[in-house]
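Hi,

Here is the structure I promised to pass on. Have a look at it first, and my notes follow below.

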Amino acid sequence: MKEEHQKGHGKTYKYGMVVDLDKCTGCGACMVACMAENNISFRKDDTNKLVSNFWMRVYKISNGLPFPDADISYIPRPCMHCEGHGHHHATPCVSVCPACATDYDHETGIVSQVYTRCFGCRYCMAACPYHARVFNWWDPRWPEGMEKYLSPDVSPRMRGVVEKCSFCFHRLQRARNKAYAEKRREIGEDEYQTACTEACPGGAITFGDLDNPEHKVCKLKDAPGTFRLLEKLGTNPKVYYTTTRDWVQKAADVYVGNEGNGVTPA
Amino acid sequence: MSATEEEKKQIVAEGEPAQKHVPGEAAPEPGKPGTWEFLIAIPVFILGVVVCLFVGWVLFPAVLYCEKQQPIDFSHVVHQEAVDEGCESCHFFREDGSFSGIPKLENCSQCHEEAMGEHPEETRLIDEYIEPGKEIPWLVYASQPDCVFFSHAAHINMAELSCGTCHGSIGESDHTRPYQYNILTGYSRDIWGWNIAGIKKNTWDRMKMDDCAECHEEKGTNNACFVCHK
């Protein structure tokens, strides 16, 4: 049913991300860039994780060993834009939404969220294994004068709705608009990049079409040492991570001993 | 269980009038109250319907929509002759593919720095906007809510639609028509359409989500939420 209303006429894309955890220094530039780009308001105390809104959040994990073996790693976490496995494309949040406010676009692989449609039941937040979704407990508010810096390309959210990372979808709309004005349809790799990708000073994030062999992400995602978060759940996320450190990879899949490769059959 | 059933029976018994008209039995005698009451009921019922229809179809829309006039009575006919490149002199694509929309004051100043004729609207334009350098607060009939993304480039360059398909005859108008908006939502009346029954005769009569989606469906364009929404 879902696929039917999305026939589309053009080429399909599968946008995704590869994050090199060995290059991430945990500086948080991606979080700041994301908030500025997507009109995310902030709270008096954003260290309070119960109420703060972040679409991109950097987690810190440590191997728990004493010096000299102590090691830490940072994990930047946007929305994973899960594809799900098999025919039914069971993206966890999409499958539970009673309002059809969130949907999986088969032409781009982006999980959409229409805020005017959402009525804030928060099923999707419960369904998302990555905590990628946040709830607006209050109407957004900015310090006086800062409203002038808001982007008109990103629609504002109101109190009582769930919001999340859209892979800066408005940037794709902008890129398409430009392409159409030049009477073409294909979108190049450099025409559409997310704000976090551009902001990362270490170049840890690579973004592009996972299906297009000419895009960097396509090769990177197949390199050895590449994994996804909680892969065993079968959510089939489109954000890949890569590291040379074994313990990081194990921690990322909440690895507890002999569990097999984790991929659930479709 | 049995108690409630008994209760029900009682209620039914009480609810039924004592002299209920049962088929087969004699009809109520003429002259008794009933006939003339019935005759009055018909006009009262019709009057009620008329009042309700009037409230619903005339009064409610009149209250629901507020009307405003455009700040300047702009004539497309006069200007179509004055410019060199037709519509594109004023409505064009910028380099980044975005649509310029309604021209800025700068455009008007190119010709109206000094009065060209004696039209009172032109005098007003110069005195109220061009002299003080104040942008004209045009009201956009087609304006969609904030959550909607629209691309003129996709429709004009790729789909090759004419402006009239969605905007009707504004491009050939000699006077600006009044702008109406819904007092509850603030949306332009052109979204819901001017026909209160929602009857659509032309493609530009209405531009709700379903109207966009209908054409997309017809032309085989993607109808995922993240095409028209942002």
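A:H131 is exposed, with a relative accessible area of 60%. You'll find A:H131 in chain A, in the loop that runs between α3 (123-127) and β6 (134-135). As background, most residues other than glycine have a negative phi, and most peptide bonds are trans. Do keep in mind that this is a predicted model.

B:E160 belongs to the loop between α6 (152-158) and α7 (163-167) of chain B. Is B:E160 buried or exposed? With a relative accessible area of 62%, B:E160 counts as exposed, because the cut-off for that is over 50%.

Back in chain A, there is a peptide bond to check: the one from A:F67 to A:P68 is cis, with omega near 5°. A:P68 lies in the loop between β2 (57-62) and β3 (72-77) of chain A.

Last, some surface charge on chain B. Which residues gather in a patch of negative charge there? They are B:E113, B:E114, B:D127 and B:E131. One of them, B:D127, is in helix α5 (residues 120-130) of chain B. B:D127 has a relative accessible area of 49%, so it is partly exposed; a patch member needs over 30%.

Cheers

Terms used: Residues are numbered from 1 along each chain as its sequence is written. Chains are lettered from A and ligands numbered from 1 in the order in which they are written. This is a predicted model: local features need pLDDT of at least 70, side-chain atom pairs count only at pLDDT 80 or more; totals for chains, interfaces and linings use all residues. Side-chain values use heavy atoms; hydrogens and water are left out. Patches are made of residues with over 30% relative accessible area and no salt bridge: like charges are joined within 9 Å, nonpolar side chains (Val, Leu, Ile, Met, Phe, Trp, Tyr) within 5 Å. Accessible areas come from the Shrake-Rupley method with a 1.4 Å probe; for residues, only the protein chains shown count as cover. A salt bridge is a side-chain nitrogen of Lys or Arg within 4 Å of a carboxyl oxygen of Asp or Glu. Lys and Arg count as positive and Asp and Glu as negative; His and the chain ends are not counted. The place of a charge is taken as NZ of Lys, CZ of Arg, CG of Asp or CD of Glu. Helices (H or I, at least four residues) and strands (E, at least two) are DSSP runs, numbered from the N terminus. Buried means under 20% relative accessible area, exposed over 50%, partly exposed in between (1.4 Å probe, protein chains only).
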